[in-house]
Amino acid sequence: MSYVLTANTPPPIIIHLDSRFATQYLETDSNGRPITTNFIYVMKEPILVPDHMNLLISLHTATIPYSFYNVRDNVNNKIYYEIAGAAKILSLTAGNYSATGLASVLKAHIESFGATVVIAYSRETLKFSFTISGVASFNFKFAGRTDGANELLGLYDVDKNIPIGDATLSEKAIDLNDSIHGLYIRQNIATKGTLDNEEGTFSNILARLPITTNAGGIIFYRSDDHETMVSVPLVQTVGIKLTDDRNRSIDLNGLHFQLSLKISYIHKEKLRGLPPRRYEPVFSETPSMTEKRLEEESKIKKKSKSKNK
């Protein structure tokens, strides 16, 4: 996006933010430790905005460690199932699971209740095959669950029967990334710059970052030139939140991240009036013109009546 800037336009400002220097963290994890991806920072020197100017806000750069997990507490760490009529819950320890690692943990848990289990993963179909024997019945029970790991298993959020002794495929490809297909940086300065189609409304998302590295690496981002215009008198408190696809905070497990915001100035412009429509008169009729027009119309009506006689 580009704008025409005049000679008296102030130069852009870059704000470098490091989560370790946050003024306040707004969330904590289950152990009471601060989640470093949701914070506010209060600047000692505010950015003052002249009355005749607006601001353009954009994400300039970001550096984020890939230290978050694909299995997260209270998000997707529960596997609900029913074996021989008895309800069971496998609570997965938060971490980064591979397909084979997840299958191994689930197999051990089900077999602890007397079943014989074979869970095979196919790289060709990206699905699991479940074979369960030695028990009367087996069902996955994900209907109505908000913290279920059904996406990790390639199952929908409904109950699923696994016939005893028969190899049964996942209903769809497994999704080990679940709801972290990209990272969203949200902020408190501009709230109407992007449309989030989950809610169907404009949101405070500043940018979406693709995940281009593996777990344990570093995610780097440079600006794609998307800018959001805001009209505020000053900027002093900056709120930053790093989230997943569903606006849930990402937990970097104690690590910190850095980003830079670019703030540019633009001059406000008065809205121009709309041009007249084609069918609108280009002049106003004066009283004398109206009187003359009515006289002519009256004469025409009289002539018409006399002819008809």
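I searched the whole structure, which is a predicted model, and found one cavity of 30 Å³ or more. I looked up the space in the largest cavity and got about 30 Å³. I then listed its lining: Tyr-66, Phe-68, Tyr-69, Asn-70, Asn-177 and Ile-180. Sorted by type, the residues lining this cavity are four nonpolar, two polar and no charged.

Next I turned to the largest pocket, which holds about 510 Å³ of space. I noted 19 residues lining the largest pocket, and those closest to its centre are Asp-29, Ser-30, Ile-35, Asp-73 and Asp-251. Its lining divides into seven charged, seven polar and five nonpolar residues.

**Helix 1**

I checked the length of helix 1, which runs over residues 99-111. At 1.5 Å a residue, its 13 residues should span 18 Å, and the C-alpha atoms at its ends are 18 Å apart, so the two values agree.

Which residues of helix 1 are buried? I wrote down Ala-99, Leu-102, Ala-103, Leu-106 and Ile-110.

Last, I asked what covers the buried residues of helix 1. The cover includes strand 5 (78-83), strand 6 (86-91), strand 7 (116-122), strand 8 (127-133), strand 9 (138-141) and helix 2 (150-153).

Definitions and conventions. Residues numbered from 1 in each chain as written. Predicted model: local features only at pLDDT ≥ 70, side-chain atom pairs only at ≥ 80, totals over all residues. Heavy atoms only, no water. 1 Å grid on protein atoms, 1.4 Å probe; cavity = no way out; pocket = protein on both sides within 12 Å on 5 of 7 lines; lining within 4 Å. Points joined across faces, edges and corners; volume = space filled by probe spheres on them. Nonpolar A, V, L, I, M, F, W, Y, C, P; charged D, E, K, R; others polar. Helix = DSSP H or I, 4+ residues; strand = E, 2+ residues; numbered from the N terminus. Expected span 1.5 Å × (residues − 1). Buried < 20%, exposed > 50% of the residue type's maximum accessible area, 1.4 Å probe, protein only. Contact = heavy atoms within 4.5 Å.
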